Amino acid sequence: MVDQRVRTKVATALDEAAVAEFEARLRGQLIRPGDAEYDQARQIWNAMIDRRPGLIVRCAGAADVQHAVAFVRDHNLLVAVRGGGHNIAGNAVCDDGLVIDLSQMRSVRVDAKARRASVEPGATLGDFDREAQTFGLATPLGINSTTGVAGLTLGGGFGWLSRKHGMTIDNLVSADVVTADGKLVRASENENSDLFWAIRGGGGNFGIVTSFEFQLHPVGPEVLSGLIVFPFDQAKSVLTQYRDFLETMPDELNVWVVTRQAPPLPFLPAEVHGKEIVAFAVFYAGDVAVGEKLIEAIRRFGTPHGEHVGPQPYTAWQQAFDPLLTPGARNYWKSHNFTQLSDGAIDSIIEYAGKLPSPQTEIFLGLIGGQASRVAPDAMAYSHRDTKWAMNVHGRWETAAEDERCIAWAREFFDKSAPYATGGVYVNFLTEEETGRIGAAYGPNYQRLVALKDKYDPTNLFHMNQNIKPTNGATPR
Ligand SMILES: Cc1cc2nc3c(=O)[nH]c(=O)nc-3n(C[C@H](O)[C@H](O)[C@H](O)COP(=O)(O)OP(=O)(O)OC[C@H]3O[C@@H](n4cnc5c(N)ncnc54)[C@H](O)[C@@H]3O)c2cc1C
């Protein structure tokens, strides 16, 4: 039997006949180094990740995924799994090994009557929203429409709708999973319920999901949403009032904070462009007139530079931040969870937002709470139910020459704000170097996840992820 712990990484060294035989049985496409599509196929969202896989398999369906997993096992290969390719840590692509690329499997089928959707693992949030909104339906997803449904869901998933309808995983009904032994199994509350528990937050550690089934909710199609932007010198006052305002907010209302240098938005005076600002991103998942009344209080936090708030299609709001989050930039993130926004936390945000290292860098506070907090922390792998804000220190810049300065700023701010945070972190915001925080990402659920890793992937075949190591194996990367 092959020892999976000494898995070779060099797919290019494989016997050509074996590769040809593998390719002949694929419904999808095999891409090799030197192929015209190779460089495009190995690119992911974060331009800091530049890896050269030995083979890339663009799967066309679950049978291709099973075939690829068997090939990986038979040839003792390193394997990476790609959904939307957005993860900051870059685990969707590996050097030398084989990438199982799901990006062509993008079908979304909506059963409007049952309010359910079947979603393939290459679908983006935009694909999902577009199909579901045809019927005035949606499920909670993230804020950037080009993110993959797969990776977002497997880590937990939160966005504008999470206060009202919970995390993305709270709306997952079932999933089809190809496990490390190559079997295709269904995971739900009734079938393989331990696997279902594990994949709701446990990332790609337990197998490859080839289809997700989600619960949908009536949303929009028009929602009240937009930005209210305040001058940076009002930051302390508006953030303190925001903190207090939250205590009275209904679940339908969500308000995120973004501090950054102002992009050239047409509703902001030209002299503000490029200057530090505090923006409140507001979203109301209900009657527009009711939402209008509620957000009036936010306008009165101070004297805004300007605002752009009104009813708009939910799908438009779901794409509103896309222009600031395009692929191709260099990105480095640090993240903390907060249960409260103490004065110290606010002061540290203001201090570091006042010395941002690049025009695209931002600090954002994603508000969760509401329904997402009403689920027991051990109900599924994702445990941070008391998290009110996930803060993302989003370093973003264009050239390698800026790496050192921007990364140093993010690390310093992360350290400075740590005393006010919970110590927990959202697994989907961890960078490549943060393997030491995986325990913190799972908290009290970690040991159960290790036991399930022992059951479903004892040789750690799936370890290009925020890896939960099985008891017997510490697979070298
Ligand atoms: C600009 C931006 C905005 C974001 N906003 C939000 C947000 O609002 N809310 C939120 O919750 N998160 C957000 N995220 C984080 C996002 O959830 C993660 O980056 C997520 O991992 C992306 O999923 P993906 O499929 O695109 O990524 P990938 O990089 O393709 O995959 C991520 C991980 O999941 C594994 N994986 C992917 N597909 C499968 C599969 N089918 N089966 C098993 N394993 C798989 C991969 O191997 C990899 O380890 C954001 C990320 C970015 C870059």
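A cavity here is a set of grid points where a 1.4 Å probe fits but cannot get out, and its lining residues have an atom within 4 Å of a point. With that in mind, let's tour this predicted model.

**Stop 1**

How many cavities of 30 Å³ or more does a search of the whole structure find? There are three. Head for the second largest cavity, with a volume of about 80 Å³. Next, show the strands β13 (253-261) and β17 (362-367), as each of them supplies at least two residues of the lining.

**Stop 2: an open sheet**

Move on to the four strands that form an open sheet, in the order β1-β2-β4-β3 and with mixed pairing. Which strands are at the edges? Select β1 (29-31) and β3 (79-82), each of which pairs on one side only. Turn the view to follow the twist, which averages 20° from one strand to the next.

Then zoom in on β2 (residues 55-58) and β4 (residues 98-101): these strands run parallel, joined by four bridges. Pick out Arg-58, and opposite it you will find Asp-101 in β4.

**Stop 3: helices on the sheet**

Finally, select helix α3 (residues 62-74), lying across β2, β3 and β4 and running at about 165° to β4.

Methods
Residues are numbered from 1 along each chain as its sequence is written. This is a predicted model: local features need pLDDT of at least 70, side-chain atom pairs count only at pLDDT 80 or more; totals for chains, interfaces and linings use all residues. Side-chain values use heavy atoms; hydrogens and water are left out. On a 1 Å grid over the protein atoms alone, a cavity is a set of points where a 1.4 Å probe fits but cannot get out, and a pocket is an open set with protein on both sides within 12 Å along at least five of seven lines; lining residues have an atom within 4 Å of a point. Grid points are joined across faces, edges and corners, and a volume is the space filled by probe spheres set on the points. Two strands pair if DSSP finds at least two bridges between them. Axes are lines fitted to C-alpha atoms, for helices over the stretch in contact, and angles run from 0 to 180 degrees between N-to-C directions. Contact means heavy atoms within 4.5 Å.
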